[in-house]
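Please look over the model shown here before reading the notes on its pockets and cavities.

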Amino acid sequence: MSGEGASAGAGSQVALVTGGYDHTIKLWQAHSGVCLRTMQHPDSQVNDLEISPNGQTVAACGYQHIRTYDLASANPDPVLNYEGVVKNVSRVGFQENGQWMYTGGEDCTARIWDIRIGHPFQCQRIFQVPAPVNAVVLHPDQSQIMVGGQSGIIHIWDLKTDHNEQLIPEAETSIQDIAIDPEGKMMAAVNNKGNCYVWSLGGSPPRPVPRKHLQAHKKYALRCKFSYDSTMLVTTSGDCSARVWRTSDWSLMRELRHETQRWVWDAAFTLDSRYLFTGSSDSYARLWDLEKGTLEREYCGHQKPITALAFRDQAV
């Protein structure tokens, strides 16, 4: 992870962003732990954060709101506010060219929003499911969105045909998060019983084939994400840990714990896959060296639990 450019808060290509229950979003200098800016997220906690493909803005979702903030300016307020959503918006993400944004939420929908300059920022498409949505993720080939929720069903929404197929990895559980590796060859999902399911993805359109079931945690699992080189999968949990698994044989590579750490709500790998950021209910974000298994840095500034984080260190 390079610190080059990180010291200039404006226009930086290195951005660590955290959000939580204190209704704030913080932009950090990743290599020093210094908080560069605090942005306001009034009315609710932050459920998810995603940095745009060009690295200029960050999208934040919470209760009845989706907001975007300019990372390159000193403006502490959102530059766009997407109205018309009800209940909690649980996840947000971007199409690879930044033409549209997708969200999922407790209103039992996944939505696509046109965000191109000169277009009205409005919901273009709605995918209705029978239960509140906890997870949405776009396949790297941009053809499918995986939608998971409290019914335990993963809906595979084909964006070209609008058809959908269903996966039910475990009955009577809630899907908490879904991840697809950058190569588009593996998909993972975690549930509220701490289990992690992995599928191989192949064909066109990609179809999931069961590959592995891990009892990743003994308690509630919250997040799962693949590393950029696809060699690792991190799962986070209410058991106060993040666990890093090798995708070659699904063995446990690291368990990341700290004496004050509580629920680990979110995690993000660096581009070189050597480091991992985590955000916890103890109001700290942390940077871990995955090769050594050591805690490298703490980010202190939030007053309440950190529930979402995003990191970007690739050139734009």
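1. Strand β9 contributes three residues to the lining of the second largest cavity, the most of any element. Strands (DSSP runs of E, at least two residues) are numbered from the N terminus. Both β9 (100-105) and β10 (109-114) supply at least two lining residues here. The volume of this cavity is about 60 Å³. Among the residues lining it are I66, T103 and R111.

2. The model is predicted: local features need pLDDT of at least 70, side-chain atom pairs count only at pLDDT 80 or more, and totals for chains, interfaces and linings use all residues. Residues are numbered from 1 along each chain as its sequence is written, and side-chain values use heavy atoms, with hydrogens and water left out.

3. On a 1 Å grid over the protein atoms alone, a cavity is a set of points where a 1.4 Å probe fits but cannot get out; a pocket is an open set with protein on both sides within 12 Å along at least five of seven lines; lining residues have an atom within 4 Å of a point. Grid points are joined across faces, edges and corners, and a volume is the space filled by probe spheres set on the points.

4. The largest pocket has a volume of about 1,100 Å³. Of its 37 lining residues, E50, Y102, V137, I180 and Y228 are the closest to its centre.

5. The second largest pocket has a volume of about 410 Å³ and 18 lining residues; N47, S90, R91, Q176 and W265 lie nearest its centre. Strands β8 and β20 each give two or more residues to this lining, and β8 has the largest share, three residues.

Terms used: Helix = DSSP H or I, 4+ residues; strand = E, 2+ residues; numbered from the N terminus.
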